[in-house]
Amino acid sequence: MYAQLVETGAKRIRALEEMGADERVFQERIERGVKIEPKDWMPEAYRKTLVRQISQHAHSEIVGQLPEGNWVTRAPTLQRKAILLAKIQDEAGHGLYLYSAAETLGVSRDQLLSELHSGKAKYSSIFNYPSLSWADMGAIGWLVDGSAIINQIPLCRCSYGPYARAMIRVCKEESFHARQGYDIMLALCNGTPQQKQMAQDALNRWWWPALMMFGPPDGESVNSAQSAQWRIKLFSNDELRQKMVDQSVPQAEYLGLTVPDAKLKWNAETQHYDFGEIDWSEFNNILQGNGPCNRDRLSVRAKAYEEGAWFRDALAAYADKQDRASGQHVA
Ligand code: FAQ
């Protein structure tokens with residue numbers, strides 16, 4: 001599957017014999033399954049790819065709090081509210097582990113955040129859709145966290161040590177998130193016809209965007225081949241997307257909901273579901289900053305960062321004071 005992924009990427013990668021001595025030793029270590037650690041030699045392009053992916057991932061966790069934050073004050077019961085709050089806090093924690101993992105590669109958190117706030121850095125397309133009803137909290141947990149787990153379980157085995165280790169806890173927490181989402185969907189589907197209709201409407205709106213989360217089709221994925229060679233990616237975008245469809249369709253059937261895809265059909269030969277064409281123009285539009293919520297998401301994050309400046313200053317002043325008191329102050 002690794003060789004297949006290397007083959008299917010849109011860019012050609014270099015073979016071992018075309019590499020310089022350091023790079024060859026590095027590649028051989030990766031192929032033996034040895035983790036790369038922050039102080040090890042690494043090609044600059046490997047470092048840059050990881051900074052790109054880990055920071056995009058961190059930004060996604062932080063921006064991803066916003067669609068759910070929209071429903072904290074309107075959760076239907078105290079218990080649902082407490083669960084939702086805990087989930088959103090977990091996402092903040094995931095952002096922090098991931099920014100820390102990126103920092104081991106020599107970038108500062110301030111630099112990464114300024115790239116997010118200026119619109120230069122990407123974050124997951126999925127968080128540029130609005131959360132219109134309480135049922136969206138169910139659909140996000142079930143489909144968005146569900147997709148995140150499918151993508152992230154292999155990352156626990158990726159070649160870069162700090163990223164792989166951060167992912168272990170993230171995946172455990174995402175599993176709770178997916179269950180809480182499915183539990184909301186189940187409650188709505190067992191409720192009144194109107195509640196079931198809310199669940200169906202949420203599934204209709206989140207299904208296709210969730211499939212887009214896995215990235216462009218393999219033939220158009222510019223980073224896949226190189227990331228596969230470096231064992232950052234262990235499965236291709238299309239392989240993971242297929243896993244998501246195969247896993248979610250029976251779950252939708254159990255809920256008594258209809259997946260909004262007329263071409264969805266079990267294929268006995270491949271033992272997978274065939275599914276319809278994804279609207280990649282919608283995805284590309286979002287990546288260009290023109291999705292339904294792109295501008296709003298960025299302005300909310302930038303405002304929160306500005307308004308938190310006094311708190312960061314106070315923390316830095318306190319840490320400085322502590323260092324002086326303990327004689328560890330560096331001028
Ligand atoms: N959105 O060549 P590829 C979550 C970009 S966490 C936006 O295939 P790659 C938890 C891609 O960056 C969700 N951009 O790229 C949660 C590249 O552009 P670049 C986030 C996308 O990196 C739940 C270009 O397209 N998870 O949900 C997207 O090899 C609920 C070409 O693509 C991660 O970040 C997209 N969906 O594969 C939180 C997981 N897809 O950078 C709160 C780690 C692609 O060259 C609430 N990331 N692009 O300018 C990955 O596994 C990979 O980065 C992929 C993309 C698979 C996302």
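1. Let's start with a group of rings. Phe26, Trp41, Tyr46 and Trp230 come together as one aromatic cluster. Please keep in mind that you are looking at a predicted model. In total, the structure holds 8 aromatic pairs.

2. Tyr46 belongs to helix H3 (residues 44–63), while Trp230 sits in the loop between helix H10 (224–229) and H11, so the pair ties together parts that are 184 residues apart in sequence. Are these two residues buried or exposed? Tyr46 has a relative accessible area of 0% and is buried. Trp230 is buried as well, with a value of 4%.

3. Now have a look at Trp142 and Tyr182. The centres of their rings lie 5.7 Å apart and the planes meet at 70°, so this pair is also edge-to-face; the angle counts because planes over 60 degrees apart are put in that class. Trp142 is found in helix H7 and Tyr182 in helix H8 (residues 161–189), so the pair ties together parts that are 40 residues apart in sequence. Both residues are buried.

4. Trp142 turns up again where two helices meet. Helix H7 (residues 135–152) packs against helix H11 (residues 237–255) at an angle of about 145°, and their axes are 10 Å apart. Which residues make this contact? From H7 come Trp142, Leu143, Ser147, Ile150 and Asn151. From H11 come Leu240, Lys243, Met244, Gln247, Ser248, Gln251, Ala252 and Leu255. Sorted by kind, the contact of H7 with H11 has 7 nonpolar, 5 polar and 1 charged residue. As for handedness, H7 and H11 cross in a right-handed way.

5. Besides its part in the contact with H7, Lys243 has its charged end over the ring of Phe235, 4.2 Å from the ring's centre.

6. Finally, find Leu105 in the loop between helix H5 (78–103) and helix H6 (109–117). Why does Leu105 count as buried? Its relative accessibility is 5%, and the label applies because buried means under 20%. Beyond its neighbours within four places in sequence, Leu105 touches Met42, Arg47, Leu50, Val51, Ile54 and Tyr160. Ser125, in turn, is 20 residues from Leu105 in sequence and 25 Å from it in space, C-alpha to C-alpha.

Definitions and conventions: Residues numbered from 1 in each chain as written. Predicted model: local features only at pLDDT ≥ 70, side-chain atom pairs only at ≥ 80, totals over all residues. Heavy atoms only, no water. Axes fitted to C-alpha atoms, helices over the stretch in contact; angles between N-to-C directions. Helix = DSSP H or I, 4+ residues; strand = E, 2+ residues; numbered from the N terminus. Left-handed = near helix turned anticlockwise from the far one by under 90°. Contact = heavy atoms within 4.5 Å. Nonpolar A, V, L, I, M, F, W, Y, C, P; charged D, E, K, R; others polar. Buried < 20%, exposed > 50% of the residue type's maximum accessible area, 1.4 Å probe, protein only. Phe/Tyr/Trp six-rings, centres within 6.5 Å; stacked < 30°, edge-to-face > 60°. Lys NZ or Arg CZ within 6 Å of the ring centre and 35° of its normal.
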